[in-house]
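Let's take a walk through this one together. Have the sequence and the 3D view open as you read.

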Amino acid sequence: MDAQPYGLIATFDTAAGVYHAAKNVRDAGYKHWDCITPFPVHGLDCAMGVKRSLVPAFALAGGVGGFVAAMGLAFFTGAIDYKLIVGGKPFFSPIPVLPVAVELGILCASVGAVVGMCVLCGFPKLYHPVLKSDRIVSALDDKFLIVIEARDPKFNLANTRALLEKIGGLDVKELEA
Amino acid sequence: MSHVETTDATQAILAEVNPAVKPRPVLVENNRSHAWITERVCGIIEGKTPLWWWVCFAVACGVTSCSVIGFGYLVAAGVGVWGHASPVNWAWDIINFVFWVGIAHAGTLISAILCLTRQNWRTSINRTAEAMTIFSVACAGLFPALHVGRVWLAVLPGYLFPAPNANGIWPNFRSALEWDVFAVSTYGSVSVLFWYVGLIPDLGTLRDRFFKKGDKIRSAIYGFFALGWRGSARHWVNHEMAYLLLAGIGTLMVVSVCSIVSFDFATSLIPGWHTTIFPPYFVCGAIFSGFATVMTLLLPMRSILKFEDFITPYHIDCLCKITLVMGTLVGYAYLMEFVIAWYGANPNEGFTFVNRTFGLYNWAYWIMFSCNVITPQFFWFKKVRSNFALIFILTIFINIGMWFERFVIIVTSLARDFLPSSWGYYSPSIVEILTFFGTFGVFAVLFLLFIRFLPVIPMAEVKTVTPEADVHGTQHS
């Protein structure tokens, strides 16, 4: 492997192992690194120093947008575009539109949450060096990985390898870009 | 998580009070490893298609053909082929619609409300329950779309969904039926999203397993839908947040959709429909029938697919208890309707309820009452809750009862409205009966495809409730 590797990859056998190792990597000051786990390990985000997800902002924007859109649609169709007297009632009233607005708000909030998740995770992204590694099969089964990227300013092949081995990482290898 | 400080004082109090220690129920039995879970769930998809699957699939397709023929005949000949006649112009079409929508609700309740309330036992059953939701909504959606007779109008823009059209008119937003359009389409869409978001990590697992086995085509198909999932902890944070938000939104949705379905009736002036109890009553009924159906599906699936370690007696016990609560609430609603009819002192309302109980349709009322009020009471007994064959039979009775509930509400009120001169008696035609029967086939076909091609147990979620996943050493002590 002549080219610059993507990073170093290490395997951990247990969730507790990767959890404690993550704290060490965080404390060593690395920024561009990741844990690969088959399920969401409780508290691992805090151990890694990952910030709270921004998905709620997307969902809120979607929910408010959907609600307003439904109210706006009923207002436009009933009070502007085609005025029709139904049962002598006002052309537009927000009360009977409420069910439609709530449901459209729910729909758009859900779409917002899913779109937000995809945007923040960078999905769909069908190629990634980690996916090319033969360890990904076991990492989505019962093993845990830590990947430290070469682009990290603190990355140094020898030192980073030493750190990963010290904190319990097994089979530390270079990951092809 | 309990981060209670254990000071000397608390220790002393605990020593004196001596509280009972109740161990947490084990959610995956026999202390199965994560690798075992993956192997067990993926093995079904990766293995050869078993004979029983083909037999069931063939039967389900046969049953589906009844619906296809029934609907085809309806579209060709018009709604006159159904038994509808004035004054009963709504019958099996809307009964079946409410019946299937109701069943759908348990899936959302399990995935949404039980997720918010941190009921960890939901993990091994939520995928199946959500699949049931989606397929039930699909069956439900068939009926309102087709009962309009000129079916093509239902899909043209501007009739159901507001869109600019040649006539320049818009749907009436004051109509409960227009609310239904939004409610049911939102319900279907959000259920699919919820299901799909939960599936993404498991699809990633399947993608890599197929790749390792050299099955590039299947790997590519699962990989396409896995969106490039790689189990990154930074992705899990967003995934968990999106899932939690969908659970919160789903909770709002599960109570709003069935309420809106009940508005179809409650906003009219027909005696027996025009009541404020309808929204909560419909929600309870929906959850009641849905939980019964979840058990009807899970009990055979558990033994056929050998999922005894995932779906433990504890899971079934929990499901029975919720069914009992919901069934009792439904029974309360039945009685409360009578109280309100009497207390409201409206002669038409009072007559409707006496007529339901003792009139021409009293057989339907008593089928409903005995199936829905008496059947769930058996779940008070631990012996019943642990006898799976008996539970299976009871859940079938509950679903029969819940279908009859909708029949009683819709048909008895319409057949005996304000004017005695326009009273009538409704009987279904063979076309309606076959069409409804066929929708069970539609459901079964979809469900069989689901258990063949998708991970039935959410692997990633189940792994989180095993003792191995506990990194803090507190949860499973």
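Where is the place of B:A345 in chain B? Look in the loop between α11 (313–344) and α12 (347–358) of chain B, where helices are DSSP runs of H or I with at least four residues, numbered from the N terminus. Before going on, a word on the model: it's predicted, so local features need pLDDT of at least 70 and side-chain atom pairs count only at pLDDT 80 or more, while totals for chains, interfaces and linings use all residues. Residues are numbered from 1 along each chain as its sequence is written, and chains are lettered from A in the order in which they are written.

Back to B:A345: its phi is near 55°, a positive value in a residue other than glycine. Most residues other than glycine have a negative phi. B:L227 also has a positive phi, near 60°, and lies in the loop between α8 (216–226) and α9 of chain B. Is B:L227 buried or exposed? With 20 C-beta neighbours inside 10 Å, B:L227 is buried (20 or more other C-beta atoms, placed from the backbone, within 10 Å of its own; 12 or fewer is exposed, and in between is partly exposed). B:A345 has 8 such atoms and is exposed.

Now for the peptide bonds. Most are trans. The one from A:F123 to A:P124 is cis, with omega near -10°, and A:P124 sits in the loop between α4 (94–121) and α5 (129–132) of chain A. The bond from B:S86 to B:P87 is cis too, with omega near 5°.

Finally, see where the chains meet: 56 residues from chain B and 59 residues from chain A take part in the contact (C-beta atoms, placed from the backbone, within 7 Å). On the side of chain B that touches chain A, α9(B) gives the largest share, 18 residues.

Key:
Two residues are in contact if their C-beta atoms, placed from the backbone, lie within 7 Å. Helices (H or I, at least four residues) and strands (E, at least two) are DSSP runs, numbered from the N terminus.
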